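Student: I would like a close look at one part of this model. Please take a single residue, its surroundings and then the packing elsewhere in the chain.

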Amino acid sequence: MMQLQVGMVVCAAAGKEKDNFYIVTGIDGRFVYLADGKHRTLSKPKRKNRKHIRLTSTVWELEGLTDKALRRRLNDCNADLGGN
């Protein structure tokens with residue numbers, strides 16, 4: 001079983017963000033903080049319940065990552081994993 005960690009790419013399983021990919025920027029109890037680099041930047045991540053995300057096996061280093069680079073990598077990930 002995979003362990004949720006900061007830097008992991010996840011897919012939203014519920015809400016208006018459903019089926020979109022995000023990166024985990026923080027973990028606080030039962031909530032995670034997610035960023036996509038466009039609507040939710042690294043400086044203002046979205047808080048989401050852990051139950052409403054699906055984990056992937058992809059983990060990225062957050063150090064030095066910009067919103068623009070995050071958007072590009074998530075778009076590539078989206079194409080590779082067959083999302084929207």
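Tutor: Start with Phe31, which lies in strand 3 (residues 31-35); strands are DSSP runs of E with at least two residues, helices are runs of H or I with at least four, and both are numbered from the N terminus. This is a predicted model, in which local features need pLDDT of at least 70 and side-chain atom pairs count only at pLDDT 80 or more, while totals for chains, interfaces and linings use all residues. Residues are numbered from 1 along each chain as its sequence is written, and side-chain values use heavy atoms, with hydrogens and water left out.

Phe31 has a relative accessible area of 18% and is therefore buried (under 20%, with a 1.4 Å probe and protein chains only). Not counting residues up to four places away in sequence, Phe31 touches Arg47, Lys48, Asn49 and Arg50; contact means heavy atoms within 4.5 Å. Phe31 and Lys48 are 17 residues apart along the chain, yet their C-alpha atoms are separated by 5.5 Å.

Asn49 belongs to strand 4 (residues 46-49). Its relative accessibility is 13%, so Asn49 also counts as buried.

Note on methods:
Buried means under 20% relative accessible area, exposed over 50%, partly exposed in between (1.4 Å probe, protein chains only).
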